[in-house]
Amino acid sequence: MRYAAIDIGSNAVRLLIADIIENTGSVSFKKNTLIRVPLRLGDDAFIQHYISEKKSADLVKSMHAFRNLMDVYKVTDYLAYATSAMREATNGEEVVKLIKEVANIDLEIIHGSKEAKVIYASHADQSIDKSKSYLYIDVGGGSTELSLFSAGELMASKSFNIGTIRILDNQDTEETWNEMKDFIREHTRGFKQLLGIGTGGNINKLYRLSEEENDAPMPYNKLRSLYTYLNSFSMKDRINVLGLNHDRADVIIPACEIYLTVMKNAGIKQIYVPRVGMVDGIIQTLIDKNLNS
């Protein structure tokens, strides 16, 4: 069996095709193909609150291509979720209808709390000590999802309209930053030695740049040094000298700022980076759904 996950984010859209492995009662998956298209829907959504005809056409073309790939790979089930940018676009539902008509893909625009649940379903915590307390930090183009876990139990979870594209477009507000800091302080106050778990494309890239070995957590000081190092390069040099992709070279700076702010306010000294994201969570959600049906 093969499942597919489509994630329509504020910075990029992704398709993950995964092979489903059944082994004596347990079901897992192996990534087969991952495609990422840097559409930047957030540039429209956060400034005009509307997906332009140009971006809408590009999105529909991408979904049509994804549909063709899913057919060629003989995908047996899929889920397609859209997050922050499509949530904020006044014509989000129109675009959803167009995608259904042209690409025959059922797309659901999900709210922040469901997004946090799906990201948690990615099983980012499989290799960590369940008895400890962790703050999940997922930074996207349009929003940041925070979920606090202690001894494997979800204690608190919230989505904030703070994201990399939003910051680049000056659409983040001091009020939202303060709201996020208040949430962190209120819910992490009683926890000693809280650890971070970071998900999303930017933290995955930062982790690779940090050259930590054997899945070791990245220290706060290392992340802060990386931020200073990356910030010393111009956008052009981040692309030409450091080899970052065009659509990663600018967002990686605000992403650092968000992770550092969250870690500092929560007193987190180390962050684990399991290199999973929304698409992994969607595949796991499909597995769980089909196991229980």
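Guide: In this predicted model, the centres of domain 1 and domain 2, taken over C-alpha atoms, are separated by 24 Å. The contact takes 14 residues from domain 1 and 15 residues from domain 2.

Visitor: Where do domain 1 and domain 2 lie along the protein?

Guide: Domain 1 covers residues 2-112, and domain 2 covers residues 127-272.

Visitor: What area do domain 1 and domain 2 bury between them?

Guide: The two domains bury about 1,100 Å² between them, and 42% of this lies on carbon and sulfur atoms. The size of an interface is often given as the accessible area lost when the parts come together.

Visitor: How much space lies in the largest pocket, and which residues are the closest to its centre?

Guide: The largest pocket holds about 690 Å³ of space. Its lining has 37 residues, and Arg14, Arg36, Gly200, Gly201 and Arg248 are the closest to the centre. Two or more lining residues come from each of strand S2 (13-23), strand S3 (26-37), H5, S6, H8 and helix H13 (278-292).

Visitor: Which element gives the most to the lining of the largest pocket, and what classes of residue are found in that lining?

Guide: H8 gives the most, with 5 residues. By class, the lining has 17 polar, 11 charged and 9 nonpolar residues. Domain 1 and domain 2 each provide at least three residues of this lining.

Visitor: Why is glycine 201 called partly exposed?

Guide: Glycine 201 belongs to helix H8 (residues 201-210). Its relative accessibility is 23%. Buried means under 20% and exposed means over 50%, so glycine 201 at 23% counts as partly exposed. The C-alpha atom of glycine 201 is separated by 13 Å from that of aspartate 250, which is 49 residues apart from it along the chain.

Visitor: How many cavities of 30 Å³ or more does a search of the whole structure find?

Guide: The search finds 2 such cavities. Rolling a probe the size of a water molecule over the atoms shows where empty space is left. The second largest cavity contains about 50 Å³ of space.

Visitor: Which residues line the second largest cavity?

Guide: The lining consists of Ala116, Ile119, Tyr120, Tyr136, Ile137, Asp138, Glu145, Leu146, Ser147 and Thr199. Helix H5 (112-120), strand S6 (133-139) and strand S7 (144-150) each supply at least two of its residues. The lining divides into 6 nonpolar, 2 polar and 2 charged residues.

Visitor: What is the phi of asparagine 104, and what is the phi of asparagine 214?

Guide: Most residues other than glycine have a negative phi, and most peptide bonds are trans. Asparagine 104 has a positive phi near 55 degrees, and asparagine 214 has a positive phi of about 50 degrees. Asparagine 104 lies in the loop between helix H4 (92-103) and strand S5 (107-109). Asparagine 214 lies in the loop between H8 and strand S10 (218-219).

Visitor: Why is asparagine 104 called partly exposed, and why is asparagine 214 called exposed?

Guide: Asparagine 104 has 42% relative accessibility, which is between the limits of 20% and 50%, so it counts as partly exposed. Asparagine 214 has 74% relative accessibility, which is over 50%, and therefore counts as exposed.

Technical notes
Residues numbered from 1 in each chain as written. Predicted model: local features only at pLDDT ≥ 70, side-chain atom pairs only at ≥ 80, totals over all residues. Heavy atoms only, no water. 1 Å grid on protein atoms, 1.4 Å probe; cavity = no way out; pocket = protein on both sides within 12 Å on 5 of 7 lines; lining within 4 Å. Points joined across faces, edges and corners; volume = space filled by probe spheres on them. Helix = DSSP H or I, 4+ residues; strand = E, 2+ residues; numbered from the N terminus. Nonpolar A, V, L, I, M, F, W, Y, C, P; charged D, E, K, R; others polar. Buried < 20%, exposed > 50% of the residue type's maximum accessible area, 1.4 Å probe, protein only. Domains from an automatic or database assignment. Contact = heavy atoms within 4.5 Å. Buried area = accessible area lost by both parts, 1.4 Å probe.
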